Each structure stands twice: as C-alpha cells, then as structure tokens.
Amino acid sequence: MSKFNLELEEDFDFFLVGICSHIKDYRLSWELNQALDITLEKAADLEIMAQGECKSFSFNQDEDESRATDYYLISNKSAHGYLLAEEKKCDFLLIVKGFISGEEEKSLIKTINQSKNVLTSYVIEVESLKSKHNLIF
C-alpha cells in the first residue's frame with residue numbers, strides 16, 4: 001500500500017500593519033474606529049501556546065460581511081512575551097482581511113499615522129516573518 005503525504009499551505013492572504021502607540025488597546029481601538037469608520041469591538045483574548053506556556057494578547061475585531069473586509073487589532077505584547085518576536089518595536093498589529101488595493105493601503109497607513117496617539121505605523125511583510133503562524137486564528 002502506498003503512502004500519501006498531505007502538505008497544507010497556510011493562507012496569509014491579509015494586509016498587516018504594525019502600530020507603535022503607548023495608549024491602551026481600548027483607546028487605540030476607539031481612535032481607529034473614528035479615523036477609519038470601522039467598528040472594532042473587544043473580543044476574547046487571543047491565546048497562543050508557545051514554549052510550553054499560554055500567552056494571551058488583547059484582541060479587538062470588526063467583521064462586517066456587507067463590506068467584505070475584516071479588521072483585527074491585536075496587542076503584540078503580553079506579560080509573557082511577544083506575538084511577533086521579530087517586531088518588538090511595534091505595540092499593536094492591525095490585520096485587514098479582504099480585498100484592499102495599493103492606494104487603499106497607502107491611505108490606511110496615512111490615516112493611522114495622523115492619529116495624535118500613534119507614533120508611527122508601517123506595513124509588515126507577512127511572508128518574511130518567522131513567527132507568522134501566530135497570526136492564524
């Protein structure tokens with residue numbers, strides 16, 4: 001009897017933004033809601049098992065089927081480490097799932113950077129991350 005190996009490719013079909021800000025997640029969520037006309041709401045924390053311990057990260061989401069675009073705001077830092085260890089300089093991650101054009105990406109970054117409580121925001125290339133598997137939820 002022959003063996004078959006099944007290899008699954010993870011789908012990283014989303015736009016990822018790193019946000020540097022020293023405010024709490026609920027305040028940043030409110031500011032992004034106002035600036036981007038979205039409705040991020042607090043959800044259950046994202047829990048990741050790594051090195052034998054459970055790491056918990058603040059999680060806010062806006063899943064709107066009418067726009068066919070989902071937004072997730074996740075804290076990159078917890079008491080036990082980082083969600084994306086390669087991106088220690090960013091405090092939050094904004095994941096945008098759905099179609100977004102290059103012009104919309106630039107506009108999104110520009111709008112986020114205009115917030116008075118955001119130090120900077122920038123695009124993160126998901127494929128280059130070693131810990132990208134932490135973004136699958």
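**Ground rules**

I am reading a predicted model, in which local features need pLDDT of at least 70, side-chain atom pairs count only at pLDDT 80 or more, and totals for chains, interfaces and linings use all residues. Residues are numbered from 1 along each chain as its sequence is written, and side-chain values use heavy atoms, with hydrogens and water left out.

**Entry 1: helix 2**

I started with helix 2, residues 102–113. Helices (H or I, at least four residues) and strands (E, at least two) are DSSP runs, numbered from the N terminus. Helix 2 has twelve residues and spans 17 Å from its first C-alpha to its last. That is close to the expected 16 Å, where the expected span is 1.5 Å times one less than the number of residues.

Which residues of helix 2 are buried? I found Leu108, Ile109 and Ile112. Buried means under 20% relative accessible area, exposed over 50%, and partly exposed in between (1.4 Å probe, protein chains only). Looking down the axis of helix 2, I see its buried residues within an arc of 95°, so they line one face of the helix. The arc is taken from the directions from the helix axis to the C-beta atoms.

Next I asked what the buried residues of helix 2 pack against. The list is strand 1 (14–20), helix 1 (25–36), strand 9 (92–97) and strand 10 (120–123). Contact means heavy atoms within 4.5 Å.

**Entry 2: strand 9**

I followed strand 9 from there. Five of its six residues are buried, so strand 9 is largely enclosed by the rest of the structure. Two strands pair if DSSP finds at least two bridges between them. Strand 9 pairs with strand 1 in the antiparallel sense, over six bridges. In that strand 9, Leu94 stands opposite Val17. Strand 6 also runs antiparallel to strand 9, again joined by six bridges. Here Asp70 has Lys97 of strand 9 as its bridge partner.

**Entry 3: Asn76**

I looked up Asn76 in the loop between strand 6 (69–75) and strand 7 (77–78). Is Asn76 buried or exposed? Its relative accessibility is 0%, so Asn76 counts as buried. Its side chain reaches the backbone oxygen of Cys90 at 3.2 Å. Leaving out residues up to four places away in sequence, Asn76 touches several others, including Phe57, Tyr82, Cys90 and Phe92.

**Entry 4: salt bridges**

How many salt bridges does the structure hold? I read four. A salt bridge is a side-chain nitrogen of Lys or Arg within 4 Å of a carboxyl oxygen of Asp or Glu.

Asp25 and Lys42 form one, at 3.7 Å, N to O. Asp25 lies in helix 1 and Lys42 in strand 2 (residues 41–42), so the pair ties together parts 17 residues apart in sequence. Asp25 is buried at 16% relative accessibility, while Lys42 is exposed at 52%.

Lys42 also meets Asp45, at 3.0 Å, N to O. Asp45 is partly exposed at 38%. Shared partners join Asp25, Lys42 and Asp45 into one network.

Glu31 and Arg27 form another, at 3.4 Å, N to O. Both lie in helix 1, four residues apart, about one turn.

Definitions and conventions. A polar contact is a pair of N or O atoms within 3.5 Å; within protein, one must be able to donate a hydrogen and the other to accept it, and residues adjacent in sequence count only if both atoms are side-chain atoms.
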